[in-house]
Amino acid sequence: MAAASDSSGSSVRKRRVDSSKTETKSADSSEEHGAESSEDTEKEKRFTSTQRGTYWLTRIVLLRAVAFIYFVAFSVAYNQNRQLIGENGLMPCKNYLNSVKRYVGGKIGMAAFAYTPSILWLLDWSDMDANLDGIALAGMALSAFVLVTGMANMVIMVTLWVLYHSLVSVGQLWYSFGWESQLLETGFLAIFLCPLWTLSQVPLRCPPSLICIWTFRWLIVRIMLGAGLIKIRGDKCWRDLTCMDYHYETQPVPNPMSYYMHRSPWWFHRFETLSNHLIELVFPFFTFLGRRMCMVNGAIQILFQVVLIVSGNLSFLNWLTIVPSLACFDDASLGFLFHSGGGAKKAVLEIQNDEAAGRKPKPTKGMFIRRVVNISLGILISYLSTPVMLNLLSSRQVMNTSFDPLRIVNTYGAFGSITKERTEVIFQGTLSQDPKDPDAVWKEYQFLCKPGDIYRRPCLISPYHYRLDWLMWFAAFQTYEQSEWVIHIAGRLLSNDSTVLSLLDHNPFQGRETPRWVRGEHFRYKFSQPGSSSAAQGKWWLRKRIGAYFPSRGSERTQRLLQVQELASPTHTKELNP
């Protein structure tokens, strides 16, 4: 019995020991499995999330953004260049090139290219319209390719830059806006994002240069500081926080949202103005305060530009200003824009994992040359930024100015002064033989977007740009002597010129005889009050005549007929027969 009992106890102890061993082994196995699972999870996480401080995906986003702006700009050029600077345009670029040629000594040489950098010097001038269309179409095709594929090389980006530079250089007044230089500077920087020949979203042997990324960041800093400082030094209303009381109504080309934002409470306008100062003068310095603060600045700048896009038609300016703000974000922050299953993001993850495992591509001669090029870019931008920074610090700051003929680094700024009243020049024509006849019926021409007909809703066209409509805004607070091209338009309207009429929305003499007289009338415009009786009648605008902007102009034949009538009148007969 005792033996049996001992045997039984021994058996129980053995089972307990075996059970303990099994549990220990199970626990060890579980720990090992947990460690392996944790390690696998870490590997999986590393494989599916992009790292901080790299800019492979940022480069793709930047290139596509630049290509989008190029596409819009070349589209505007294709649709309007013939009317503005073509053979029969308002300011033919052929005449301008001939003037430059005479100015530099009558030869097409380096002096001519330095004064007006344009490939048009090398083309046949017998059909300038075809040249202009060819440049615009080539630009549209190349930019569309980059936009759709997300791939580019230096050859493509240089070509885009040269093509647009060629148009801006001969565009004269029509291409005198600050965003033309801003696009050229942005496009120049985009050249250095790309490999020389390779067409790939993620070119393995051409990693994005941190120097190039910083040139974009430096651009957005200068843009915002220039805009902020010109306001503080300019119109008093920016300092007493009242500028936004006027801006929505008096900006060049309002949109439907401008109508409603103009009627915001006074405190909201004060908040807008103060926020504008903070965004343009304070937040840009966040760029230099580390990754997170740089991203904060980038996000705020993009949001600010979106608000401006929603509240007005400022061409592609605000869209373009978003581009350098994108450089504030690295691959980790932009990864959500890309699919994880394949394509660019997968390629970037593979590169990052190879680097983490110590498998880096061997340095090549081309990679060394590229590093030298990137350093040279940094030195060039630093050197060309010197006069720009001196201008920013100057109490006599000028905006939207280039200090080099290639417009590589420029000064920027917008709305340093705000007009407190909106005035418009309205073209009118009549079939009456005598423009002074009180019974003469004057009919109005309507532009594509600028205010005219008080019943027409403000247009929504951004990022597209009607160049003539913008210039008419400037002409309205100048005299016609300061804007001679306005009189040139009147002369074209007298002949129902199809070239100029294609820039307008409504020709009151369509399908009828040409007008005998054309005049410019000056009006003061105000938004109607939402909910008022005027708004209920469908009026977006209220207007009041100021006076004549330029006197009636008639064709030579009409003027001769009028002179004959005046000479035959009793008054003149009496004067001729004393």
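Me: Let's start with Cys459. Is Cys459 buried or exposed?
Reply: Cys459 is buried, with a relative accessible area of 14%. Keep in mind that this is a predicted model.

Me: What cut-off makes 14% buried?
Reply: Buried means under 20% relative accessible area, so Cys459 at 14% falls in that class.

Me: Which cysteine does Cys459 pair with?
Reply: Cys449. A disulfide joins Cys449 to Cys459, with an S to S distance of 1.4 Å.

Me: Where do these two sit in the chain?
Reply: Cys449 is in the loop between strand 3 (446-447) and helix 18 (467-476). Cys459 is in the loop between strand 3 and helix 18 as well. The two are 10 residues apart.

Me: And Cys449, buried or exposed?
Reply: Cys449 counts as buried, at 5% relative accessibility.

Me: How many disulfides does the structure hold?
Reply: The structure holds 2. Besides the Cys449 to Cys459 bond, there is one that joins Cys237 to Cys243, with an S to S distance of 1.8 Å.

Me: What's the pairing if I number the bonded cysteines in sequence order?
Reply: For the protein chain, the pairing is 1-2, 3-4.

Me: What about Cys194? Which cysteine sulfur is nearest?
Reply: The nearest is that of Cys206, 7.8 Å away. Cys194 is in no disulfide.

Me: Is Cys194 buried or exposed?
Reply: Cys194 is buried, with a relative accessible area of 1%. Cys93 also counts as buried, at 0% relative accessibility.

Me: New topic: cavities. How many are there of 30 Å³ or more?
Reply: The structure holds 4 of them. About 50 Å³ of space lies in the largest cavity.

Me: Which residues line the largest cavity?
Reply: The lining is Cys449, Lys450, Pro451, Gly452, Asp453, Arg456, Arg457, Pro458 and Trp541. One of these, Cys449, is the disulfide partner of Cys459.

Me: How many of the lining residues are nonpolar, polar or charged?
Reply: The lining of the largest cavity has 4 nonpolar, 1 polar and 4 charged residues.

Technical notes
Residues numbered from 1 in each chain as written. Predicted model: local features only at pLDDT ≥ 70, side-chain atom pairs only at ≥ 80, totals over all residues. Heavy atoms only, no water. Disulfide = S-S within 2.5 Å. Helix = DSSP H or I, 4+ residues; strand = E, 2+ residues; numbered from the N terminus. Buried < 20%, exposed > 50% of the residue type's maximum accessible area, 1.4 Å probe, protein only. 1 Å grid on protein atoms, 1.4 Å probe; cavity = no way out; pocket = protein on both sides within 12 Å on 5 of 7 lines; lining within 4 Å. Points joined across faces, edges and corners; volume = space filled by probe spheres on them. Nonpolar A, V, L, I, M, F, W, Y, C, P; charged D, E, K, R; others polar.
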